[in-house]
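Welcome! Please take a moment with the sequence and the 3D view before reading on.

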Amino acid sequence: MRITCPFCGERDINEFAYLGDAEFKRPDPDTADATARFIEAVYLRDNPAGPHDELWYHTSGCRSWLRVTRDTLTHEILRVDFQNGCAAG
């Protein structure tokens, strides 16, 4: 699989590190049911079939966080954009 970095151009997947779902929101640790929410967030996530937004880090290139829309059925990369801000935050 190859990803076209907006800055560096088309590169092999080995230059990137995968973070995961671009829409993932970390549960609030201060809520009364925080443990249950964290268990659900870590172990019971959806596994979508079709286009899905993911976060990738260009480790061997420009070191930018990228938001990649990838079809999980075909692995076709549909879109790549820079991700603003800290991806893990």
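What follows is a short tour, from the overall layout to single residues.

## Ground rules

This is a predicted model, in which local features need pLDDT of at least 70, side-chain atom pairs count only at pLDDT 80 or more, and totals for chains, interfaces and linings use all residues. Residues are numbered from 1 along each chain as its sequence is written, and side-chain values use heavy atoms, with hydrogens and water left out.

## The overall layout

The protein chain has 1 helix and 6 strands. Starting at the N terminus, its elements follow the order β-β-β-α-β-β-β. Helices (H or I, at least four residues) and strands (E, at least two) are DSSP runs, numbered from the N terminus.

Along the principal axes, the C-alpha atoms fill a box of roughly 45 × 30 × 20 Å. Of the 89 residues in the protein chain, 26% are buried. Here buried means under 20% relative accessible area, exposed means over 50%, and partly exposed is in between, with a 1.4 Å probe and protein chains only. The chain exposes about 6,200 Å², and carbon and sulfur atoms supply 48% of that area. Accessible areas come from the Shrake-Rupley method with a 1.4 Å probe; for residues, only the protein chains shown count as cover.

Contact means heavy atoms within 4.5 Å. Among contacts between residues at least 6 apart in sequence, 44% join residues at least 24 apart.

Which residues form the largest nonpolar core? The 8 residues are I3, C5, I13, F16, W56, L66, V68 and V80. Two elements, β1 (2-5) and β5 (65-71), each give two or more residues to this core. A nonpolar core is a set of buried Ala, Val, Leu, Ile, Met, Phe, Trp, Tyr and Cys residues joined through side-chain atoms within 4.5 Å. In soluble globular proteins, nonpolar side chains tend to be buried together.

Strand β1 has I3 and C5 on its covered face, while R2 and T4 are on the uncovered one. Not counting residues up to four places away in sequence, I3 touches several residues, including G9, R11, W56 and I77. Strand β1 runs antiparallel to β2 (residues 9-12), and 4 bridges join the two. They form a hairpin with 3 residues between them, and R2 has D12 as its bridge partner in β2. Two strands pair if DSSP finds at least two bridges between them.

## Salt bridges

How many salt bridges does the structure hold? There are 7, each being a side-chain nitrogen of Lys or Arg within 4 Å of a carboxyl oxygen of Asp or Glu. One of them joins the side chains of R2 and E10, at 2.6 Å from N to O. R2 is partly exposed at 41% relative accessible area, and E10 is partly exposed at 45%.

Another salt bridge brings together R67 and D53, at 3.5 Å from N to O. This pair links distant parts of the chain, with R67 in strand β5 and D53 in strand β4, 14 residues apart. E23, D53 and R67 are linked in a network of salt bridges. D81 and R79 also form a salt bridge, with their closest N and O atoms 2.5 Å apart. Of these two, D81 is partly exposed at 27%, whereas R79 is exposed at 51%.

## Loops and a surface patch

The loop between β4 and β5 holds R63 and S64. R63 is exposed at 59% relative accessibility and, although not a glycine, has a positive phi of about 60 degrees. S64, by contrast, is buried at 18%. Leaving aside neighbours within four places in sequence, S64 is in contact with W56, Y57, H58 and F82.

In the loop between β5 and β6 (77-82) is H75, a residue other than glycine with a positive phi near 65 degrees. L73 lies in the loop between β5 and β6 and is exposed at 63% relative accessibility. Beyond its neighbours within four places in sequence, L73 is in contact with A49 and G50.

On the surface, I39, V42, Y43 and L44 form a nonpolar patch with about 460 Å² of accessible area together. Patches are made of residues with over 30% relative accessible area and no salt bridge: like charges are joined within 9 Å, nonpolar side chains (Val, Leu, Ile, Met, Phe, Trp, Tyr) within 5 Å. L44 sits in the loop between α1 (34-43) and β4 (51-57) and is exposed at 58%.
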